[in-house]
Amino acid sequence: MLRRNSFRLPRHPASVGLARRRVRDHLADWGHGPDDPALSDAVLLVSELATNVVRHGPLLEREFEVAVTALADGSCLIEVSDEGQVEPRLRVVGEGEETGRGLQLVENIAAAWGVWSRGRHGKTVWALVPAAS
């Protein structure tokens with residue numbers, strides 16, 4: 001079964017904690033228990049991606065979007081979208097300091113991750129959290 005929820009939050013530091021809580025609550029409602037590593041990894045990844053939007057997103061942007069999708073195999077997809085454009089440094093992982101520690105954390109935890117351009121509507125940074133084995 002596939003379940004998805006998305007929500008918009010103000011581009012404010014307090015929204016990072018709110019994004020974590022909402023993702024945790026949605027995944028718990030969908031059957032991910034408190035000891036499920038996929039749940040804790042998803043919460044950590046949404047925290048990192050939301051923090052990047054709050055710190056580095058377009059100055060005039062007032063909101064960003066978070067989506068969480070629970071997949072049938074127990075994995076989940078985290079997506080954080082803003083109105084910023086895809087930066088070349090986000091496309092390549094492992095370029096030392098340019099990628100930042102947050103994205104290195106994403107690289108280490110996620111089974112896969114990347115950036116989708118939304119054209120003139122910005123970008124979505126996504127991360128696939130593997131199911132617990």
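## Salt bridges around Arg8

Arg8 and Glu65 form a salt bridge, with their closest N and O atoms 3.9 Å apart. The cut-off is 4 Å, so this pair qualifies. The model is a predicted one.

Shared partners join Arg8, Glu63 and Glu65 into one network.

How accessible are these residues? Arg8 is partly exposed at 42% relative accessibility. Glu63 is partly exposed as well, with a relative accessible area of 36%. Glu65 has 22%. The buried class requires under 20%, so Glu65 counts as partly exposed.

## Arg4 and Glu79

Side chains of opposite charge can pair when their charged atoms come close. Arg4 forms a salt bridge with Glu79, and the closest N and O atoms are 3.2 Å apart. Arg4 belongs to strand β1 and Glu79 to strand β3, so the pair ties together parts that are 75 residues apart in sequence.

Are the two partners buried or exposed? Arg4 is partly exposed, at 48% relative accessibility. Glu79 is buried, with a relative accessible area of 11%. Under the distance rule, the count of salt bridges comes to four.

## Nonpolar core

The largest nonpolar core holds 30 residues. Val23, Leu27, Phe64, Val66, Ile78, Val80 and Val106 touch the most other members. Seven elements are listed as giving two or more residues to this core: β1 (3-10), α1 (14-29), α2 (37-56), β2 (63-70), β3 (76-82), α4 (100-109) and β5 (123-129). Among these, α2 gives the most, with nine residues.

Leaving out residues up to four places away in sequence, Val66 touches Asn5, Ser6, Phe7, Leu9, Ala19, Val23, Val46, Glu79 and Val80. One of these contacts, Glu79, is also the salt-bridge partner of Arg4.

## Helix α2

Which residues of α2 are buried? They are Ala38, Leu39, Ala42, Val43, Leu45, Val46, Ser47, Leu49, Ala50, Thr51, Val53 and Val54. In an α-helix with 3.6 residues a turn, residues three or four places apart point the same way.

The length of α2 can be checked. At 1.5 Å a residue, its 20 residues should span 28 Å. The end C-alpha atoms are 28 Å apart, which agrees. Asp36 caps the N-terminal end of the helix. A side-chain oxygen of Asp36 lies 2.9 Å from the backbone nitrogen of Ala38.

## Whole chain

The protein chain contains four helices and five strands. From the N terminus on, its elements run β-α-α-β-β-α-α-β-β. The chain has 133 residues, and buried residues make up 44% of them.

The protein chain exposes about 7400 Å². Carbon and sulfur atoms supply 50% of that area.

Key:
Residues are numbered from 1 along each chain as its sequence is written. This is a predicted model: local features need pLDDT of at least 70, side-chain atom pairs count only at pLDDT 80 or more; totals for chains, interfaces and linings use all residues. Side-chain values use heavy atoms; hydrogens and water are left out. A nonpolar core is a set of buried Ala, Val, Leu, Ile, Met, Phe, Trp, Tyr and Cys residues joined through side-chain atoms within 4.5 Å. Buried means under 20% relative accessible area, exposed over 50%, partly exposed in between (1.4 Å probe, protein chains only). Contact means heavy atoms within 4.5 Å. A salt bridge is a side-chain nitrogen of Lys or Arg within 4 Å of a carboxyl oxygen of Asp or Glu. The expected span of a helix is 1.5 Å times one less than its number of residues. A polar contact is a pair of N or O atoms within 3.5 Å; within protein, one must be able to donate a hydrogen and the other to accept it, and residues adjacent in sequence count only if both atoms are side-chain atoms. Accessible areas come from the Shrake-Rupley method with a 1.4 Å probe; for residues, only the protein chains shown count as cover.
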